[in-house]
Amino acid sequence: MKTVRLTMAQALVRFLENQFIEVDGVQTRFVRGMFIIPGHGNVVGLGQALSQEAKHLEVYQGKNEQGMAQAAVAFAKQMKRKQIFAVTSSVGPGAANMVTACGTATANNIPVLVLPGDVYACRQPDPVLQQVEQTHNLSISTNDAFKAVCRYWDRIVRPEQLMSACISAFRTLTDPANTGAVCLAMPQDVEGEAYDYPVSFFAKRVWRLERRPATEAALADAAEAIRKAKHPMLVCGGGVRYSEAHEEFKHFAEALNIPFGETQAGKSAVVWTHPLNLGGLGVTGCSAANDIAKKADLVIGVGTRYTDFTTSSKWLFKDTCKFVNINVSEFQALKLDAIPVVADAKDALPRLEKLLEGYKSGYTTEIQAAKDKWLKELERLDGITFEDKKSWKPIINDANADSAKRFAADLKAGLCQTTVLGAINAMMADEDVAIGAAGSLPGDMQRMWRPRAVDTYNMEYGYSTMGYEVAGALGVKLAIGDKREVYAFCGDGSFNMLHGELVTACQEHKKINICLFDNASFGCINNLQVGHGNVTLCTELRYRNRDGLFGDFMDIDYAKVAEAYGCKAYPVRTMEELVAAFEDAKKVKNRPVLFDIKVLPKTMTDGYGSWWRVGDTEVSERKENLEAYKSHLAHVKDARKY
């Protein structure tokens, strides 16, 4: 057997260089590159290996370990899981920072490879810098924390272990049903240890993405159930996009006259103007989808995990509603007591459609009526303005509604969130990509965002990770290239948590557009807090006074912060300033742009016939809490139990 002597780290990089993926006969490199923040746990071993062995891998310098890993997640998501970035950090806190991003990846079934440095396998210098010593088990390190958020986890304690570990890692990364984060922990001494690796290990390896076919029996069961339904409904999940079953899904809906609601991951699989597209479904859904869902007698879920936001905590659909689930994951296909079709959507939908030849749903005018009702509401949301009058009420007219007027006075601002969102949506080009993750904006966007081209919506809502937005915009930019624009929609809460990769975007001359909606608060959480009978507590960004954090709202100049990094930035307080800034920003090349938009609290969208189960309190001195708990019990009574 022909061998080559390499360190473990060198062998790892050489292996990554030669991994390919094949989808429908087309082969591409699977690993685009690597984000790195060098530290004592990876700079000597893996750092040296990258310098020597990286030929095609693009190497980027991250600024925050979580941030660069979130960029890798967004990249893979935009690439429909057909290409990934690896991410490496030092031992200890650098590694721990990536745990959150691994949760993001695994919750959303997005492949990302994390390579954290680890403590010494030999243990000779223990305890080393940044080592957590667990006295009951000295084999535990910070990297054990990755086990809960990764689909596959391994620690390479001998250089020859790398070979079987890499095979298992890439088996997982390329498995559509079970993909997610993969962690290969690298003890820093082992990174530099050499082994005579078989040359065959580094040969070009093609991971073929097989489209799992549906069984005839499963399709027959599904067809029988659908034929009995008069008012069925489709759910367009992320699996439609990852399978690239856009046209198959659309044709299925059209052939059978079945309307569909979108999950956050499925949105933009079909453009918003399609006559059967009802828009967002569930807690953050719109009235069109939710009104139809409540009357549906059968739901056909395609590539969806049925999160609580999609099902309104299993309350949205009536108890007599049946389910058919098409999913590559058996685990997901069996949810809600469904008839499971464990298969790739692109394979299953046309075959199921053929079995249903001659079938049409019983809808007549209901679909168009639901859409027309929502279009009128969209028009209203697009045009809401602030009136500095005592009679003006914000959309969220709760016990803290006066905060909107207080914010307007403190910051000399008067823009409403829904109006700004609608305006930006209209000003963006059809092929531009919108990205978001947390706060009130995902709800507004699932309801209000109108994609005019496919795959132009990148919302991380499986984990709803604050801080994904800015880092994710960089990942999307690396995926779509410089001919298209990416716009990140981010609240001030998320921006303050994590925006270090804005510096990376400046460093790499990558133009990403950050639409920073500053309402000086964790706005959606304040709504949740107050709406369930509580007083405001630590959900607004105010100066401290003698009564606590109830002073003036903080007026932070985020535009100056961005300018200091090297971005082009625009302070925005009026619609005229927004339009002028947006047009001027289109001329900017090779550097990020930030729109510092001051929007009034309480001007985001509200619920449209949905419910979300949260932990209401059973005992309280406040009657408002007890009323919320009473409502909670009533909804739980009507919700499905599993």
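Which helices each supply at least two residues of the lining of the largest pocket? The views below start there, in a predicted model where local features need pLDDT of at least 70, side-chain atom pairs count only at pLDDT 80 or more, and totals for chains, interfaces and linings use all residues. Residues are numbered from 1 along each chain as its sequence is written, and side-chain values use heavy atoms, with hydrogens and water left out.

**View 1. The largest pocket and its lining.** Helices α18 (441-448), α20 (492-497), α22 (523-531) and α25 (623-638) each supply at least two lining residues; helices (H or I, at least four residues) and strands (E, at least two) are DSSP runs, numbered from the N terminus. A pocket here is an open set of points on a 1 Å grid over the protein atoms alone, where a 1.4 Å probe fits, with protein on both sides within 12 Å along at least five of seven lines; lining residues have an atom within 4 Å of a point. Of the 48 lining residues, Cys524, Asn527, Leu528, Asp606 and Trp612 lie nearest the centre. Helix α22 gives the largest share, six residues. The space amounts to about 1100 Å³, a volume being what is filled by probe spheres set on the points, which are joined across faces, edges and corners.

**View 2. The second largest pocket.** Here you will find about 670 Å³ of space, again with 48 lining residues, and Asn109, Gly238, Gly239, Tyr242 and Gly303 are nearest the centre. Contributors of at least two residues each include strands β2 (19-23) and β16 (322-327). Helix α9 gives the most, with three residues.

View 3. A salt bridge puts a side-chain nitrogen of Lys or Arg within 4 Å of a carboxyl oxygen of Asp or Glu. Glu248 pairs with Lys346, their closest N and O atoms being 3.0 Å apart. Glu248 is buried at 19% relative accessible area, while Lys346 is partly exposed at 25%; buried means under 20%, exposed over 50%, and partly exposed in between (1.4 Å probe, protein chains only).

**View 4. A buried pair and a network.** Glu262 and Lys267 are both buried, and their salt bridge has its closest N and O atoms 3.1 Å apart. Lys80, Arg241, Glu244 and Asp455 are linked in a network of salt bridges.
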